[in-house]
Amino acid sequence: MPVFRLPLSSSGRFPSCFRVCVIIPAIMFGALALTGCAADAASARLPLAPPGSEKVDDVAFADWLTAFREDALKAGVTAATFDRSMRGLRPDDDVVKANESQPEFTKPVWEYLEGALSDTRVARGKALLAENEKLLDRIEARYGVNRHVLVAIWGLESNFGSFQGTKSVVRSLATLGYQGRRMDYGRTQLIAALQIIQNGDIAADRMTGSWAGAMGQTQFIPTTYNAHAVDFDGDGKRDIWNSHADALASAAHYLGKSGWKTGGSWGYEVKLPTGFDYAGADMSVSRSLGEWVKDGVARIDGRSFPGGEMDEKASILLPAGHRGPAFLVMNNFRTVLAYNASTSYSLAVNLLADRFRDRGQIVAGWPRDERPLGRQERQDLQELLTARGYDTGGVDGIIGFNTRKAIRAYQRSIGVPADGYPTPELLDRLRRG
């Protein structure tokens, strides 16, 4: 994804890489033209916060805002927009706590899917598909993105617009940009948020969202909004907060630009052949559907794969390791990953879209007797693998590509299925030496 570096103030610094629950590519528009009106010139000479009740008490934060103001103006934000949007701002303690906290345990994928695919959500989605049929007809005709997937994203991101977050996006992003492990992200997104306000799409006091700055019914971060939000209802504003048309069309525009293939499948639940090499069950391994079929991969319901898809690239996904269901996932599954880089999220979106059409039931059982590792256990696993010479790419408690690769190498060395999936049993074996 393109990353746009901003000039740093004397007190700023870039953080190390980070992960967020929802990861969306940070694609920024070019800088907006800086106007030269007298009002802006006068505003540039005003103090950031006037004396009185709105005065910023935190001197360090006030210094950061003053330095950041220079960066914002260089990016095309007018002095008037900046001062009007940032006046009286203070860090949000709730955002600081949320940014620094890390969940001790990860919810098992089957529990996550049970919530995402609840009967209530499925029923509501079906009703909204019928209610918005004409709107969705027009969106599909314009962008070619499947309506069921759009409504599934709508349902998972904001419960169909009913909960979009109540935090001030400007305040949240200023807090993130000021301190913590997401300073680069916070600064970049805050610039983009100020550009949105300057463009007139929404006022600063109405720009609400999550503590991490995701906004509206589609939970776009500001840079994604600037690049992909559209005015589909024709009222002159790109309003993903209040307009179903703008929100759904913006999501369709984003997926279309991310590689969505009109009419393409997202994937299938499959049965793997006896003796399957689980080292090939990874999103980094992509082969044609025909090659997988030749090696014995079959649809779990016994039906044939569509003949026209045999040349399509696909990967094997084992969300709970070799003991759980297996899926053969294709282009449109990967496209949803551009919206959120979690395979569990893309699986939930696509299965929910299928449930709207009365399909998408998972046949194979989940390994419900197997608990997920806690954060400290994941770090212990990485430390023990590293000590044995298996490179995990660092000890951070995140089971990413390098850690899965290290797990697979260790699993092969002890003669167990090399699915790259971390389990308590595997950790115990490492601890016993």
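Me: Which residues in α3 are buried?
Reply: In this predicted model, the buried residues of α3 are Ala79, Ala80, Thr81, Phe82, Asp83, Ser85 and Met86.

Me: And how much of helix α3 is covered overall?
Reply: Helix α3, which spans residues 79-86, is mostly covered, with seven of its eight residues buried.

Me: What comes just after α3?
Reply: Glycine 88 is found there, and its phi is positive, at about 75°.

Me: What about the rings of phenylalanine 276 and tryptophan 292?
Reply: Their centres lie 6.3 Å apart and their planes meet at 40°, so the pair is tilted.

Me: Where do phenylalanine 276 and tryptophan 292 lie?
Reply: Phenylalanine 276 is in the loop between β3 (267-271) and β4 (287-288), while tryptophan 292 is in helix α13 (residues 289-294), so the pair ties together parts that are 16 residues apart in sequence.

Me: Is phenylalanine 276 buried or exposed?
Reply: Phenylalanine 276 counts as buried because its relative accessibility is 14%, and the cut-off for buried is under 20%. Tryptophan 292 is buried as well.

Me: What sits over the ring of tryptophan 292?
Reply: The charged end of arginine 287 does, at 4.7 Å from the centre of the ring.

Note on methods: Residues are numbered from 1 along each chain as its sequence is written. This is a predicted model: local features need pLDDT of at least 70, side-chain atom pairs count only at pLDDT 80 or more; totals for chains, interfaces and linings use all residues. Side-chain values use heavy atoms; hydrogens and water are left out. Buried means under 20% relative accessible area, exposed over 50%, partly exposed in between (1.4 Å probe, protein chains only). Rings of Phe, Tyr and Trp (its six-membered ring) pair if their centres lie within 6.5 Å; planes under 30 degrees apart count as stacked, over 60 as edge-to-face and the rest as tilted. Helices (H or I, at least four residues) and strands (E, at least two) are DSSP runs, numbered from the N terminus. A charge sits over a ring if NZ of Lys or CZ of Arg is within 6 Å of the ring centre and within 35 degrees of the ring normal.
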